[in-house]
Amino acid sequence: MKIVNFKYKLIHNILPCDKHLCKWKIATTEKCGLCNVIGDYKHLFLECVKVQQIIPLLESYIFRKFGIKMKLATLKILIFGYKVRHEEYNDFNMWLDKFW
């Protein structure tokens, strides 16, 4: 259910990010606390230097767990998941169904 809520908030532009927190007067700056760039969704998921350091770790985990090489660094994959239509990926698809 948490992933569903996350996707709903992201799609409806109400997910708390630095830019929105500043607009809603919850934060004093709209800049990312890690790299001092405006913290919108694109930055958070695709451009932030710290996030870019985590993505290869996730890709490595997916490869070790499911034997699948894939690139996660697109917003579409992060939001909607990544289903592979092939018999050898059934375990991975079942895992995605649980969480996405």
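At 61% relative accessibility, Ile 26 counts as exposed, because the cut-off for exposed is over 50% relative accessible area. The model in which this value was computed is a predicted one. Ile 26 is placed in the loop that runs between helix H2 (18-23) and helix H3 (41-47). Together with Tyr 8, Ile 14 and Trp 24, Ile 26 makes a nonpolar surface patch of about 430 Å².

The overall make-up of the chain was examined next. The secondary structure of the protein chain consists of six helices and zero strands, and along the sequence the pattern reads α-α-α-α-α-α. The protein chain has 100 residues, of which 27% count as buried. Its accessible surface is about 7400 Å², and carbon and sulfur atoms contribute 60% of this area. Among contacts in the protein chain with a separation of 6 or more, 27% are accounted for by residues 24 or more positions apart.

Charged side chains were considered for pairing. One salt bridge is present in the structure. The salt bridge joins the side chains of Lys 42 and Glu 47, with an N to O distance of 3.6 Å. Glu 47 has a relative accessible area of 41% and is therefore partly exposed, as this value lies between the limits of 20% for buried and 50% for exposed.

The cysteines were then tested for disulfides. A disulfide is a covalent bond between the sulfur atoms of two cysteines. With a cut-off of 2.5 Å between sulfur atoms, the count is zero disulfides. Cys 32 is in no disulfide, and the nearest cysteine sulfur, which belongs to Cys 35, is 3.6 Å away. Cys 32 has a relative accessible area of 8%, so this residue is buried. Cys 17 is also buried, because its relative accessible area is 6%; the limit for buried is under 20%.

The surroundings of His 43 include several of the cysteines. His 43 lies in helix H3 and, at 3% relative accessibility, counts as buried. When residues up to four places away in sequence are not counted, His 43 touches Cys 32, Cys 35 and Cys 48, along with Val 37 and Ile 38. The buried Cys 32 is thus described both by its contact with His 43 and by the 3.6 Å distance to the sulfur of Cys 35.

Definitions and conventions: Residues numbered from 1 in each chain as written. Predicted model: local features only at pLDDT ≥ 70, side-chain atom pairs only at ≥ 80, totals over all residues. Heavy atoms only, no water. Patch = residues over 30% accessible without salt bridge, like charges linked within 9 Å, V, L, I, M, F, W, Y side chains within 5 Å. Areas by Shrake-Rupley, 256 points an atom, 1.4 Å probe, with all protein chains shown as cover. Salt bridge = Lys/Arg side-chain N within 4 Å of Asp/Glu carboxyl O. Helix = DSSP H or I, 4+ residues; strand = E, 2+ residues; numbered from the N terminus. Buried < 20%, exposed > 50% of the residue type's maximum accessible area, 1.4 Å probe, protein only. Contact = heavy atoms within 4.5 Å.
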